[in-house]
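Q: Could we go through some local features of this model together? I would like to begin with strand pairing and then turn to the backbone.

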Amino acid sequence: MTKSIATFLFCCLCQATLLAGEPDILIADFEGSNYGDWTTTGEAFGPAPVSGTLPGQMKVAGFEGKGLVNSYFQGDGTTGTLTSPPLKIERKTINVLLGGGGYADETCVNLLVDDKVVRTATGPNTQPGGSETLDWYSWNVADLLGKTAVIQIVDQRTGGWGHINVDHIVQSDTSYVVPASARQRELVLEKTFLNLPVKNGAAKRRASLIVDGQVVRQFDIELAPGEPDWWAHIDICSFRGKNAMLNVDALSRGDRGLTLVDQTDAIKDAGSLYDEPLRPQFHFSQMRGWNNDPNGMVYYAGEYHLFYQHNPYGCSWGNMHWGHAVSKDLVHWKELPIALFPWTQAVAHCFSGSAVVDKNNTAGFQTGDEKTIVAIFTDTGCGEAIAYSNDRGRTFTYYQGNPVVKHRGRDPKVFWYAPGRHWVMAVYDEDGSRDRKTRKQRIAFYTSPDLKQWTRQSQLDGYYECPEIFELPVDGDGKNTRWVLFAADARYTVGQFDGKRFTPDHEGKHQVHWGAFYASQTFNNTPDGRRIQIGWGRIPMPGMPFNQMMTFPCRLTLRTTDEGIRMFANPVKEIELLHGDDSTVCNTMVTPETPVAVATRGRLFDIRAEFEVDSAKAFGLRIGNTEIVYDVDKAMLMDMPLKPVDGKIRLQVLVDRSSVEVCGNDGRVYKTQPFRSDSEIDAIHVFSQGGSTAIRSLTVHQLHSAWQQ
Ligand code: FRU
């Protein structure tokens, strides 16, 4: 071997050793059945490391091996410390897997030298929600080499996120935290969708998509470290041909999430789109991600527009955008690209709101023949804001004069008040008090000539978020109308409204909707004057690439009952567009000994029934494993009070893949609840307990899927 080759090889070897550094030293992996020579004070750390999630805790993930330190022992109320025996600092970094509360000095890991805290780190969470996933943190301790130290894990906080999760603590010559240069990906945007791998429960990363030096999208995402649960997508059509940079604020060693990001022209992994096991078949649900409240419900030019609170990047609440879908008949929906998204980095969320058609161009936004659709929503970055569309809701422009109303509150519902020729905004509003006990929750009413300048007119205490207000004829008589004020919790009040002030007709509130129904809204501008409502169907969809759904559209009416004027909710008649084969039973007595089965087939039904109450204590329908019971003694349909009318109880039951909606006595009560059926149903059973019940009529309509028809 020549001298120069030998020198070269020697140098390579030296460099390799330098790069690799000395082998890592494991300080603790918490794999044992106790804490070994670590010592505890207080209660929070329990007797030993745990194997993951503790009772009442969100799923703990991201730890290595089988055990970790989890101070959620007996909940957030406990406190304490866990301290290592003395150790010698022999490498340039100390790496630790860390999660839980993000409170300095209270939920933290400390490195102590000579009893002084020389390094500290907290978990990431201080807000409700968040994630129990552990992630690597790294201290550079080069200046402490050779010193003796102890590691102290601290939980001195009670209440939300009053705990800390810790695992593998390792001395190393390299940091386990991935550097910024390895947390970005250069891309040429050339297709329709940029696909991002999501693993539910993985650590949340803050991601930014930068095009031409501008941050065009910014969001939190549970970026899959490897194989994803599902793919989120960003519509990148408008950036076609541009160079872009996608970066995230943190990654763990070996995470492949960024590498997996790709582009396609069709939604990725969409082989079973709209046919997933829990996918509602005649209720709207978004292709991917999360929804909550329906927003911006408005009819224009042949289309019902349904916008909604939408997280495109996760299956739980977060990153609030306005998703968008349109329908010509309230049954078949087409999802369109996202309508409103946080326009600037400073803007955190687009919260709930409404939309109007500005027929008289009062705002002056109209540019062509199409009337302008104006969305009015809560921009959590500034206040009540507006955005407008001159292309039938396909794209929206953020109004530069925002906010149009600034107050403490959210969820503006706007409509045109024809008698006064002005706009009205009913909006959830709070007084300045941060103290829950004294804080006033109310609906404030504003008016405007042009959707831009608003004047506060009045307020009404005792209402929470997502107000809704509309006028309805009583018993169909257009000359005798009342106004209805409705809030997220589905409690409503009947009263008078003069364009500026609402005056209730009665004390207290009434209720028509029950169950998994929240934050509903009604369409502005319907072509036939019907008042049609959709709520957020709070139905979990575990294991699906989407979560939650919308309730089936209901027509609202006011009718006189023996208790006074009440609102009724009925599924819109368009459900009949999906009717398939039906089977009917009439005038049949049901007894405990002789239940009735109506043969049918499928998983989707519209069941209409009329029962005559007889000697039974209870009767009802059994659909798969679900029973819909009317308790005669208590006069309750499920948990809803309902008295027979002329001795009869009438039901309409809509059965979808994940939900069942039960409408009692022509809409006097209405309940939405989860429903699961793994296999096809071949009969609807009618039972009667403690006596007999007469079926006057019962028709089971099989339903077609709206996605397939
Ligand atoms: C109701 C609500 C609204 C808010 C929105 C945020 O569910 O809390 O008050 O605007 O959800 O997603």
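Predicted model: local features only at pLDDT ≥ 70, side-chain atom pairs only at ≥ 80, totals over all residues.

Q: What else does W536 face, on the β40 side?

A: In β40, M550 is the bridge partner of W536. Strand β40 covers residues 549-550 and is joined to β38 by 2 bridges, again in the antiparallel sense.

Q: And how many bridges link β38 to β41?

A: There are 3 bridges between β38 and strand β41, residues 554-561, and the pairing is antiparallel. I532 has R555 in β41 as its bridge partner.

Q: Is β38 buried or exposed, then?

A: Buried: 7 of the 7 residues of β38, which spans residues 531-537, fall in that class, so the strand is largely enclosed by the rest of the structure. The cut-off for buried is under 20% relative accessible area.

Q: Let us change topic. What is the strand order in the open sheet that contains β44?

A: The order is β44-β53-β46-β47-β48-β49, which makes 6 strands with antiparallel pairing. At the edges are β44 (596-602) and β49 (640-641), each of which pairs on one side only.

Q: How do β47 and β48 meet?

A: Strand β47, residues 626-631, pairs with strand β48, residues 636-637, through 2 bridges in the antiparallel sense. Within that pair, Y630 stands opposite L637 of β48.

Q: Now the backbone. Where is the cis peptide bond that involves P403?

A: The bond runs from N402 to P403, with omega near 5°. P403 sits in the loop between β26 (397-398) and β27 (409-417).

Q: What about N361: which phi does it have?

A: N361 is not a glycine either, yet its phi is positive, at about 50°. This residue is found in the loop between β23 (350-358) and β24 (372-379).

Q: Why does N361 count as partly exposed?

A: Because its relative accessibility is 25%, and the partly exposed class lies between the buried limit, under 20%, and the exposed limit, over 50%.

Technical notes. Residues numbered from 1 in each chain as written. Heavy atoms only, no water. Buried < 20%, exposed > 50% of the residue type's maximum accessible area, 1.4 Å probe, protein only. Helix = DSSP H or I, 4+ residues; strand = E, 2+ residues; numbered from the N terminus. Pairing = 2+ DSSP bridges.
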